[in-house]
Amino acid sequence: MMGNSESKTVTGAVMVVGGGIAGTQAALDAAEQGFYVYLVEKAPSIGGMMAQLDKTFPTNDCSMCILSPKLVESGRHLNIELLTMSEVDRIEGDAGNFSVTVRERPRYVDFEKCIACGICSEKCPRKVDDEFNMGLNKRKAAYVMYPQAVPLKYLIDGENCIYFQKGKCKACEKYCPAGAVDLGQKEKTHTINVGAIILAAGSKVFDPSVLDTYGYGGHPNIVTSLEFERILSASGPFEGHLVRPSDRKECKRIAWLQCVGSRDTHEGSHTYCSGVCCTYAIKEAVIAREHAKDSLDAAIFYMDMRTYGKDFERYYNRAKNEMGVRFIRSRVHSVGPERLGSPDLRIDYVDEKGSVLSETFDLVVLSQGLEAPADIAEMAKRLQIDLDASKFVQTSSLAPVETSRPGIFVCGFVAGPKDIPSSVIDASAASGACAALLSPARGTLTNEKTYPPEDPVVNDAPKVGVFVCHCGLNIASVVDVPAVREYARNLPGVAYVADNLFTCSQDTQKLIREAIKEHGLNRVVVAACTPRTHEPLFQETIREAGINRYLFEMANIRDQDSWVHQNEPEKATQKAKDLLRMAVAKVALLEPLERMRAELNQGALIVGGGVSGMTAALNLAEQGFKTYLLESAGELGGNALKLKHTWKGESVPEFLGGLRERVMSHPLIEVQLHAGIKSIQGFVGQFITTAEVAGVPRQFEHGVVIIASGAEAYKPKEYLYGKSDRVVLWHELEELFEKDPRKLEEAKSVVFIQCVGSREPDRPYCSKICCTASVKEAIELKERKPDLQIYVLYRDLRTYGLREELYTKARSLGIMFIRFPVDEKPVVETVRENGKELLSITVRDHVLDRPVRITADYLKLATAIVPKGEKELAGFLNIPLNQDGFFLEAHMKLRPVEFAVDGIFLCGLAHYPKPLDESIAQAKAAAAKAAGVLSRPYIEVEPVVSSVNKDDCTGCGLCEKACPFGAIRRHEIAGKGLRAESIAASCKGCGVCAAACPQKAIDIVHFRDTQIVAAIRAGGESA
Amino acid sequence: MNDSHEPKMLAFLCNWCSYAGADLAGVSRFQYPPTVRVLRTMCSGRVDSLHMIEGLKSGFDSVLVFG
């Protein structure tokens, strides 16, 4: 490893406090970068709030299905130690060397002995409210949080246990077959040395019972959104049936009330926007309609629809226009039973025109806001970190994952409202910050993975184990899973069959390993979701059980079956059987393969020298990696060169100056200005980029690529832009007033128009930053010149999260906000008044419901942020752009800075419009992911490559011409002439060469002709 | 062949594009006829004309190569 020049010794371990999605991701990333991780979680299992969600927006992915592999991975990671039921008591020392005291509450179950059979729970006589299901059903005092819990170890809840209350019972102890119950356990204290700490304490849902308006707590059919997630969930209290709590009647009419506890100045509420509720309410409405097969009336009562994230606006439009969800802009007055004792609920509300209306629903869902954890104040005191006015951990926009105490980093909701992708980005960023701090100690405390030797049974006749997944109800509600399982039993070579509620859960991994041992299995087929996401997890499992990774197949009976044939259960079941039969036929012919090692160039190339690119470069350089930073312009800085302040008021020029100085002077960073990329060849570990730098051709060799190529402001044709000097874009107004302050002195009125070019049919996305930018600028102008009339013409005001402060302040300063509908845009004309040519802007006022005319000195247009047109760059790297032209990451929720192609990472505006703090966090996240690759000694190469039978090859060269990767070459063999040869490290296993070979002399390992033909033949038969 | 016969299709899908697309159709809950059987390859370029013929010989009524 390239060392850091610092001589101070640091500890190569990281503690992550909180095991939700943010903490889990931070732990995984820190471990990948070569640090030993202690993951401290207060609850008995990790997973946090994401584990309670049914689906996630905007892809409608099953939350547990995408979370579970991460939990399983961290649960069995060699360099992650889980400390559940534990809390940090004290932190001593400084950045680089902390000594942390952790208190571990007793579980009353011996961790090593528990086999998770569930008998203790079955025998336990005490029933209590199940917190995981939000109290909608009961659990026992001996329990496990949820079926896929990691670690899957039962516990005795001492507060409710009869033995602890009355001194007798001990049924759990008596019946436990493993002798694991230990009611004498005491609290333990651990002292742990780490170099850095990541706080990921998550959030708490707002309790609406403090507000009278919503009647929560007084009526069983008024539920919170998190309760509704559990109602929707297949593993929830009603097993996924869309029924209401009072009488279990199927719901036909459901209302969602937005901003419950958010954007509300009432006592007990929060004034900030919780940032996630608009989109999650849309998701719940869409999923509920899916459950009810469209017979459901779903209505969302809201103030502003804040779908500001990537693809959220499309999601909103689809819900509105295609899914039939009703959106009612309104203020809700009260919610209560339709008449005394009625299970139905009446909502009284005022619509936009001021009419008082009421509607009746079967169920009312309160879109509850989120807040900092209950014990945050006390925790902050113990950790000696500062909180902001809303009790979130204080961070700066310019250092978004750093707390006030050096060496303690933060990620996720505890630092302010954010959704899952932002939390995941923060988590990776925080891990990268730790890595930069601790790089001299990288790899000093970690363990290497060793596997048991492969069992020689792989060479025996096939003995296939088949595992069929219910995926909760995702598969089982359509496909007859037990019938598929029984069908598999009689397929050739099958020696064992089973079905599982969630085949991906940690307990099932154990079951698979046990079945392999017990039945001497030598091949495994899982019929579940898609191999694109889950194959590596199962491959790891079978390898741990001594079977070669490549003796595995998946049958995709969810994404490509149950989900797409929801109304044809019999045919879907038939298809599942066919797909399974094909998989079994193929797996029987697969061969054991070994992964190969390829050389790794430990350098990075970053495309784009804005704040994102510079931040990523600096982080990688601080971690000890050589970095080339390529910028097409003549100076570093990008869009940030035009910014004066962040929304929190920090000075951008000052920050930018410092950042540029550090980048330019770092010995490991090579800055190339006026650089234009001509080609990028190679693959992870061995890229070669050719660029023209200031007219001179240059070549760079590097192991990874980070794309930080930015975006730009849209230049509109409307609203007299380009025709009148008084109509300006973005920073032009600030520049105008700076150049000539008299212009501001003389001005009487300034108008802002929002969503210019955004959220329109040509560009159906929200540009995210414009509302905050305009409101911030309006406040600055108003403070400089209080008698200036300022109007903001908007469609939905999207000052999300803590930015809501600005909106509140703007209104209190007297700035006027006028909402206009998209089909009735403001009309801008020039007028002459008192000898001056001014602007006249006519807009329909939503409160007065009539057009108003404003005479303005200046009009500022907040135009869309548009991609730069990166088709060529995307083509070089074989990575996708989305419909809007922004780069499309591997997974919008959980892999927000990566691509399907290894070794390429993404950050900043090239991904989607975002403010400076989010760009900085994403840049650090991309650097952390890149460091995860660069800190390994070599690259593991998949062995799915071409293989040439030299005896059959005639040296015709068709393969060489066909190969798009230069991975097959002919060379002279003495006495025989030219013969083809495969270059494994460059080969992607696509198989074009095999299809092109007229001699059938080339085959693709793992996709051999014999294997493909076996699957085809099996598919052709009828089950 | 009688009236109730539903033609069965063999589809070769590329892991990186069309197979991913078929997964996306699932995530989006797009409904389509349950008569297609998918065989994943690492690239549609892997599919040999002999594989297509093998499909027809094995009892499929049609073959789709999608990539």
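How many residues of chain A are in contact with chain B, and how many residues of chain B take part? In this predicted model, 40 residues of chain A are in contact with 29 residues of chain B. On the side of chain A that touches chain B, the elements giving two or more residues are helix 14 (558-562), helix 15 (569-587), helix 25 (992-996) and helix 26 (1009-1020) of chain A. Helix 26 of chain A provides the largest share of that side, with seven residues. By residue class, the side of chain A that touches chain B divides into 17 nonpolar, 12 polar and 11 charged residues.

Helix 26 of chain A packs against helix 2 (residues 49-57) of chain B at an angle of about 25°, and the two axes are 8 Å apart. Because angles under 35 degrees count as roughly parallel, helix 26 of chain A is roughly parallel to helix 2 of chain B. The crossing of helix 26 of chain A with helix 2 of chain B is right-handed. From helix 26 of chain A, the residues A:I1012, A:V1013, A:I1016 and A:G1020 meet B:H51, B:E54 and B:G55 in helix 2 of chain B. The residues of this contact between helix 26 of chain A and helix 2 of chain B comprise three nonpolar, three polar and one charged.

Chain B itself has two helices and three strands, and its elements follow the order β-α-β-α-β when read from the N terminus. Taken along the principal axes, the box filled by the C-alpha atoms of chain B is roughly 35 × 30 × 10 Å.

Within chain A, two of the sheets illustrate the two senses in which strands can be arranged. Strands of a sheet pair through backbone hydrogen bonds, either parallel or antiparallel. An open sheet of five strands in chain A has the order 31-30-29-35-46, with parallel pairing. Strand 31 (669-672) and strand 46 (904-906) of chain A stand at the edges of this sheet, and since each has a single partner strand, one side of each is left without a neighbour in the sheet. From one strand to the next, the twist averages 20°. Strand 46 of chain A is joined to strand 35 (residues 704-707) of chain A by three bridges, the two strands running parallel, and A:I706 has A:F905 in strand 46 of chain A as its bridge partner. Helix 23 (residues 916-934) of chain A lies across strand 29 (603-607), strand 35 and strand 46 of chain A, and runs at about 175° to strand 35 of chain A.

The other sheet, also open, consists of three strands of chain A in the order 6-7-12, and here the pairing is antiparallel. Strand 6 (86-94) and strand 12 (188-194) of chain A are its edge strands, each pairing on one side only. Neighbouring strands of this sheet are turned against each other by 20° on average, direction ignored. Between strand 6 of chain A and strand 7 (residues 97-104) of chain A, the antiparallel pairing extends over eight bridges, and A:R90 stands opposite A:T101 in strand 7 of chain A.

Finally, the confidence of the prediction deserves attention. Chain A has a mean pLDDT of 94, with 99% of its residues reaching 70 or more. Over residues 1-7 of chain A, however, pLDDT stays under 50, and for this stretch the model has 13 contacts beyond four places in sequence.

Methods:
Residues numbered from 1 in each chain as written. Chains lettered and ligands numbered in written order. Predicted model: local features only at pLDDT ≥ 70, side-chain atom pairs only at ≥ 80, totals over all residues. Contact = placed C-beta atoms within 7 Å. Helix = DSSP H or I, 4+ residues; strand = E, 2+ residues; numbered from the N terminus. Nonpolar A, V, L, I, M, F, W, Y, C, P; charged D, E, K, R; others polar. Pairing = 2+ DSSP bridges. Axes fitted to C-alpha atoms, helices over the stretch in contact; angles between N-to-C directions. Parallel < 35°, antiparallel > 145°, perpendicular 65-115°, else oblique. Left-handed = near helix turned anticlockwise from the far one by under 90°. pLDDT = per-residue confidence, 0-100.
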